[in-house]
Amino acid sequence: MRASTRRVFVAGAAGRIECAVDSPDGTPRGVALIAHPHPLFGGTLDNKVVQTLARAFVELGYEAWRPNFRGVGQTEGVHDEGRGELDDLEAVLNSIKTAKFILAGFSFGASLAARLAEKTKPEWLVLVGVGITRIMAPPVPAGTLVIHGENDDTVPLAAVLDWARPQELPVVVVPGADHFFHRKLPILRALVQSNWR
């Protein structure tokens, strides 16, 4: 993402986990752990939505961590349908040793971030294009920011609204946006920053 991006390796159950880490100027106020989209469909830590989220959090003063899931880049292991990937996200979080953290994710990664939030106490949860059609996301804490594209044909908006409705969870809809937020990334970045508290 930036010339200053560091590559860090964390020990996971299936081997090492490759992470890209971006730091803010000055002392970080906490950590943002950002999960990427489905690895079997081209998802990596370099995904543009994931990079946009990282940039937004760095500008808010957080250190942004973007791990690669199993079998992607230099991360060892093979895809485990979300089970091992959740364990690996937790391993990365535990390795950072911080009490102040945000969990975020895009698509498949958003569902996993929601699952990790069930087991941990994030300051904030940010879910973009939450991939509930491939891996169901659990109910999430009040105050979770859910952003979805109006024209998402990978995860239909109606499915996300059906998931959000029983939770009385607001969903921010970006008009004209597809699943990957083509030409809408500045709006996505601004939404994250304007909803941060």
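Colleague: Is T75 buried or exposed in this model, and at what relative accessibility?
Modeller: The model is predicted, so local features need pLDDT of at least 70 and side-chain atom pairs count only at pLDDT 80 or more, while totals for chains, interfaces and linings use all residues. Residues are numbered from 1 along each chain as its sequence is written, and side-chain values use heavy atoms, without hydrogens and water. Buried means under 20% relative accessible area, exposed over 50% and partly exposed in between, with a 1.4 Å probe and protein chains only. T75 therefore counts as buried, at 5%.

Colleague: Where does T5 lie, and what is its relative accessible area?
Modeller: T5 belongs to the segment before β1 (6–12). Leaving out residues up to four places away in sequence, T5 touches A20, V21, D22 and R66. T5 is buried, with a relative accessible area of 18%.

Colleague: Which residues touch the most other members of the largest nonpolar core?
Modeller: A nonpolar core is a set of buried Ala, Val, Leu, Ile, Met, Phe, Trp, Tyr and Cys residues joined through side-chain atoms within 4.5 Å. Among the 38 residues of the largest one, those touching the most other members are W65, L127 and W163.

How values were computed. Helices (H or I, at least four residues) and strands (E, at least two) are DSSP runs, numbered from the N terminus. Contact means heavy atoms within 4.5 Å.
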